[in-house]
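Morning, everyone. I have one model to walk through today. Let me put it up.

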Amino acid sequence: MEPWAPKKHYDDAYSYVMKNGVSKINDFFEEKLKNSAGEVKVKTAIVGTTGSGKSTFINTLLRLEDSAKGAAKVGVTESTQDCQRYEDPDNANIEYWDLPGMGTDNFPAETYFQDVKLNEYDTFVIFIDTRFRKDDLELAREITSHRKKYFFVRAKIDQDVRSAKRSCGESFNEADVLAKIRSECSEKLGDLLSNEEKIFLISCHGFEKCREKCEERGEKCGEKCGEKYQLEPLIKANRDVLYQNQQDAMIRLLEKASMAALEEKVKVLGGDIWKTSAWSGVAAVVPVVSIGVDVLLIKKEFKRYKTELGIPEEKSDEFENLDPTSKAKVSLTLKLLTEFTAKGIGALAAAYAVETQIEKVFSFLPAGLIIACPLSGITTYKVLDYILKAMADTAFAILVGVIKSKKK
């Protein structure tokens, strides 16, 4: 996996829009998201009280024995003295951070959120011991205030199951035991929990034993064991959020670059209007005003704006893939071109006249007379400025529509 290089992707998007406008911008975004979003670095913070099982969970993710080199330290006393970073074995751009427990000597509760730089992480896996502590709920509230995604984990669930089995005897029912524990967690969390799907009852040691038995029987049932002990659902739920965060980061970058490029492109086109307008002659149509528009010149510029900004043709495949708002804007904009008769040009020019009476005069002028008479350069400038603004508005609408579709 390539390292995250935001400048490269920004430059790619900027160059694309400067060259093509919004033409096939959806395809460009799709390719970038498919091939490059995985380069974005994302972090999961794994937090919880001492002895809650978070270090064992990390080692399971890393596929390491607790005693192996590079494994997270495991112990009944606080083993994590500082924020420890671990790379996902399948994707170096996904990082797991083992955070020290809240309320320790080195990380007192009063400054914990600042000390561990809570806002730097994308997702949180909160480990809860057999009983809830005040710090657990405070941590959840703080994460919620930062609008971060989080999951609650009740680890060592195999111990609870064995204990219930000994005390219940023949009436033991594992599903009932797990349902009761889940319900108790949900009750304690209260309004901090949007749904019980955020609660995972896991057993890393149970998972490892299950997998070893499968291997002894020559079976490949690691995924099945992971489902039973809820490791696979937890890992998948967390990775889904991380992948979405990677997509979102890339979308924000592409949005910033493409918007900046489109604004620059419109600015350049706008700077050319005065040059074009200089070709329009000056002639008096009526004694009180000299207004004119070179019809062929404006049609030519209209087509140039359409090409430069990448406005698609109606009924093209690209047009059909646009959202309804963008389609409506494209149709309305292109209608201007098809209606560039002398009457249409005259009406548009008249809209810029200082005297309201001029509009009435224009409405009675013969179409042939308006075509034959080149009018003032200033009016040509204003008409082209109007057209460019309308087409730029359409191009931005297309870009915004595509960005919105990627953010869903």
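Some ground rules. This is a predicted model, so local features need pLDDT of at least 70 and side-chain atom pairs count only at pLDDT 80 or more, while totals for chains, interfaces and linings use all residues. Residues are numbered from 1 along each chain as its sequence is written, and side-chain values use heavy atoms, with hydrogens and water left out.

Start with the sheet. Six strands form an open sheet with mixed pairing, in the order β2-β3-β1-β4-β5-β6. Strands here are DSSP runs of E, at least two residues; helices are runs of H or I, at least four residues; both are numbered from the N terminus. Two strands pair if DSSP finds at least two bridges between them. The edges are β2, residues 84–88, and β6, residues 199–201; each pairs on one side only. From one strand to the next, the twist averages 25 degrees. β2 runs antiparallel to β3, residues 91–98, over five bridges. Within that pairing, Tyr-86 has Tyr-96 of β3 as its bridge partner.

Now helices. Helix α7, residues 174–189, lies across β5 and β6, at about 145 degrees to β6. Axes are lines fitted to C-alpha atoms, for helices over the stretch in contact, and angles run from 0 to 180 degrees between N-to-C directions.

Which helix does α3 cross at roughly 35 degrees? It is α8: the axes of α3, residues 54–61, and α8, residues 204–216, come within 9 Å. On the α3 side, the contact uses Thr-56, Phe-57 and Thr-60; on the α8 side, Cys-204, His-205, Phe-207 and Glu-208. Contact means heavy atoms within 4.5 Å. By class, that makes three nonpolar, three polar and one charged residues. Nonpolar covers Ala, Val, Leu, Ile, Met, Phe, Trp, Tyr, Cys and Pro; charged is Asp, Glu, Lys and Arg; the others, Gly among them, are polar.

On to salt bridges. The structure holds 23. The criterion is a side-chain nitrogen of Lys or Arg within 4 Å of a carboxyl oxygen of Asp or Glu.

Take Asp-12 and Lys-32, at 2.7 Å, N to O. Asp-12 sits in helix α1 and Lys-32 in helix α2, so the pair ties together parts that are 20 residues apart in sequence. Asp-12 is partly exposed at 28% relative accessibility, whereas Lys-32 is buried at 9%. Buried means under 20% relative accessible area, exposed over 50%, partly exposed in between, with a 1.4 Å probe and protein chains only.

Next, Asp-98 and Lys-54, at 2.8 Å. This pair links strand β3 to helix α3, 44 residues apart.

Then Lys-43 and Glu-120, with the closest N and O atoms 3.8 Å apart. Lys-43 is in strand β1, and Glu-120 is in the loop between α4 and β4, 77 residues away. Glu-120 is partly exposed, at 43%. There is also a network, linking Lys-41, Arg-85, Glu-87 and Glu-95.

Lys-24 has a positive phi of about 55 degrees although it is not a glycine. Lys-24 sits in the loop between α1 and α2. Lys-156 also has a positive phi of about 55 degrees, in the loop between β5 and α6.
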